[in-house]
Amino acid sequence: MTYQAALTDPEFDTPGKSKGLWDVFRHRYLLSLLLKKSVTTRYYGSALGWIWSYVQTIAHFLMYYVVIGVVLGMHRDVKYFPVYLFCGLITVGLFSEVLRNTTSAITDNASLVKKIYLPRELFPVAAVGGAITHFLPQAAVLLIICLFLGWTVTVMQVIAFVLGLIIVIVFALGLGLFFGALNVAYRDAHNVVGLILMFSTWASPVLYSSSMIRDIAPQWVYEIYMINPVTAAVELFHNVFWLPIAPGSDRPDGLMLNALIALGIAIITLLVGQLTFRKLEGTFAQYL
């Protein structure tokens, strides 16, 4: 077969030519292997293993509950404050883990990136899968607690949960692709991500209610605050788990509209991250 004939063959594919995130769906078996590796090596050699996931989460919860809830008195202002707090912590925890893992996904798999070709997006997407497997048991624990407190499920709560989950994952993956691509050549990107994660818990209504921002900030600042994808996801999770056991609590107006705007921002972030990743992925091997 001639070169020109090969180019017109519908089954011809240029080796090493990436189709971006679409390639992930074409290499599902490789993705499953990377996901299995991510899950099994997370606490490899640890005596407690997966228990550490819960120990770390409970430690964060107790620290914030004692300082914010008891010392600063938020438990008096927010009904069922422990549930309110836990909703926010697991949401921000998912965002933090996805962003942290996707940012370092390429550098952590440098040996594979340098030796063979496979879609580079497989690594950050597998990191997302690992973060989700860590998040779901925590959400299950929260659900069990809420059930004991009289929680009931509705169709809108299921929709809100799925929407919040999508917003967090898409937004964090977009940022992770962007900073992960930069991190290969400039390790400063990892430090920038560290700064973002340091502020993420405080920049969303996790330790306080969004009404406190509404009362002290100009209206335009509050509106920007509410369309922050992480803020929108946290408030959606509050509506899913906390609001049914604390009916009548003060809730932000137009939450679903803000959530849809936040979803649009998350999708734009993912597109920018993917374009940046594809533009720089040709230089990954030489920098690694």
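Close-up 1. D215 is exposed, at 59% relative accessibility. This view, like the others, comes from a predicted model. R214 is partly exposed, at 32% relative accessibility. The two side chains form a salt bridge, with the closest N and O atoms 3.6 Å apart.

**Close-up 2. R214 also pairs with D250.** In this salt bridge the closest N and O atoms are 2.8 Å apart. The pair links distant parts of the chain. R214 sits in helix α12 (residues 210–216), and D250 lies in the loop between α14 (229–242) and α15 (255–280), 36 residues apart. D250 is partly exposed, with a relative accessible area of 44%.

**Close-up 3. A salt bridge joins R251 and E235.** Their N to O distance is 2.8 Å. R251 belongs to the loop between α14 and α15, whereas E235 is in helix α14. The two residues are 16 apart, and the pair links distant parts of the chain. Both R251 and E235 are buried. Shared partners, by contrast, join R214, D215 and D250 into one salt-bridge network. The count of salt bridges comes to three.

**Close-up 4. A nonpolar patch lies on the surface.** Its members are Y54, I58, L62, Y80, V141, I145 and L149. Together they have about 560 Å² of accessible area. Helices α4 (51–71) and α9 (122–148) each give two or more residues to the patch. The most come from α4, with three residues. I145 is placed in helix α9. Its relative accessible area is 38%, so I145 counts as partly exposed.

How values were computed:
Residues numbered from 1 in each chain as written. Predicted model: local features only at pLDDT ≥ 70, side-chain atom pairs only at ≥ 80, totals over all residues. Heavy atoms only, no water. Patch = residues over 30% accessible without salt bridge, like charges linked within 9 Å, V, L, I, M, F, W, Y side chains within 5 Å. Areas by Shrake-Rupley, 256 points an atom, 1.4 Å probe, with all protein chains shown as cover. Salt bridge = Lys/Arg side-chain N within 4 Å of Asp/Glu carboxyl O. Helix = DSSP H or I, 4+ residues; strand = E, 2+ residues; numbered from the N terminus. Buried < 20%, exposed > 50% of the residue type's maximum accessible area, 1.4 Å probe, protein only.
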